[in-house]
Amino acid sequence: MRYLVKARLKQGMEKALLKAVAEGTLGRGSIAGDEYLSDMERARLQDDGSTQWVEVCYCAKPLQEERPYWEEFFDLIRIQDAHSRRNCRHENGTEPWACSNCTCTQRLEERLQKTGRPFIRELSMSC
C-alpha cells in the first residue's frame, strides 16, 4: 500500500538527517532498504514547515517497520492511504508486492512535486 506521509523534522536533527542521507545510512537495517533515501529525494517542504512524501509499505499497520527509522528524525503528523485500498492490487490479492512497481499514485506524486520546495535541498541550504 502507498501512504501519503506528513511529518515535521525534529528540532536539532537537521545535520544528522543530512548526514544520514549523504552517507546512505538513512534506514540502514530496515527491510525497506533504499526506500528511505528515495523518499527523501522526492519529499517536499510545505509552507507550514511540514514535509510530505509518498511511501510504500507492506506492513499490516501503516509504516510499522519504518516508523522507528522515521521517528528518529521526524514527528509523524499524519499517515494516510494514498489511494483506495480496494483498488490496490497488493491489498485486494490480485498481485502480491504490486506496490513496488505500481503507478497507481503517479498523479498524486506528480501533484506533490508541484507543491512546496524540495525538502533536502532546502534543508541543505539552511544548515
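Pro 118 is partly exposed in the predicted model, because its relative accessibility is 24%, where buried denotes under 20% relative accessible area, exposed over 50% and partly exposed the range in between (1.4 Å probe, protein chains only). The residue lies in strand E5; strands (E, at least two residues) and helices (H or I, at least four) are DSSP runs, numbered from the N terminus. Pro 118 touches Ala 43 and Arg 44 when residues up to four places away in sequence are not counted, contact being defined by heavy atoms within 4.5 Å. In sequence, Pro 118 and Gln 46 are 72 residues apart, whereas their C-alpha atoms are 9.0 Å apart in space.

The model is predicted, so that local features need pLDDT of at least 70 and side-chain atom pairs count only at pLDDT 80 or more, while totals for chains, interfaces and linings use all residues. Residues are numbered from 1 along each chain as its sequence is written, and side-chain values use heavy atoms, with hydrogens and water left out.

Charged pairs were examined next. Side chains of opposite charge can pair when their charged atoms come close. A salt bridge is taken as a side-chain nitrogen of Lys or Arg within 4 Å of a carboxyl oxygen of Asp or Glu, and by this rule the count comes to eight. One of these salt bridges joins the side chains of Arg 117 and Asp 47, at 3.3 Å from N to O. This pair links distant parts of the chain, with Arg 117 in strand E5 (residues 117-118) and Asp 47 in the loop between strand E2 (44-45) and E3, 70 residues apart. Arg 117 counts as partly exposed because its relative accessibility is 30%, whereas Asp 47, at a relative accessible area of 74%, is exposed.

Arg 117 also meets Glu 122 in a salt bridge, with an N to O distance of 3.4 Å. Glu 122 lies in helix H5 (residues 119-126) and counts as buried because its relative accessibility is 18%. Leaving aside neighbours within four places in sequence, Glu 122 is in contact with Leu 45 and Arg 117. Asp 47, Arg 117, Arg 121 and Glu 122 are linked in a network of salt bridges.

Asp 39 is buried, with a relative accessible area of 0%, whereas Arg 42 is partly exposed, at 33%.

Asp 39 is also among the buried residues of helix H2 (residues 35-42), which are Tyr 36, Leu 37, Asp 39 and Met 40. Seen down the axis of H2, these residues fall within an arc of 160° and so line one face of the helix, the arc being that of the directions from the helix axis to the C-beta atoms. The cover over the buried residues of H2 includes helix H1 (14-23), E3, H3, strand E4 (74-81) and H5.

In helix H1, the buried residues are Leu 17, Leu 18 and Ala 20. Viewed down the axis of H1, they fall within an arc of 160°, so they line one face of the helix. The face of H1 turned away from this buried side carries the exposed residues Lys 15, Lys 19 and Ala 22. Strand E1 (2-9), H2, E4 and H5 are included in what covers the buried residues of H1. H1 is followed by Gly 24, whose phi is positive, near 75°.

The axes of H1 and H5 come within 10 Å and cross at roughly 125°, axes being lines fitted to C-alpha atoms, for helices over the stretch in contact, with angles from 0 to 180 degrees between N-to-C directions. H1 is therefore oblique to H5; angles under 35 degrees count as roughly parallel, over 145 as roughly antiparallel, 65 to 115 as roughly perpendicular and the rest as oblique. At the contact between the helices, Glu 14, Leu 17, Leu 18 and Val 21 in H1 meet Phe 119, Ile 120, Leu 123 and Ser 124 in H5.

A positive phi of about 55° is found at Leu 63, although this residue is not a glycine. Leu 63 is placed in the loop between strand E3 (51-56) and helix H3 (67-71), and counts as buried because its relative accessibility is 0%.
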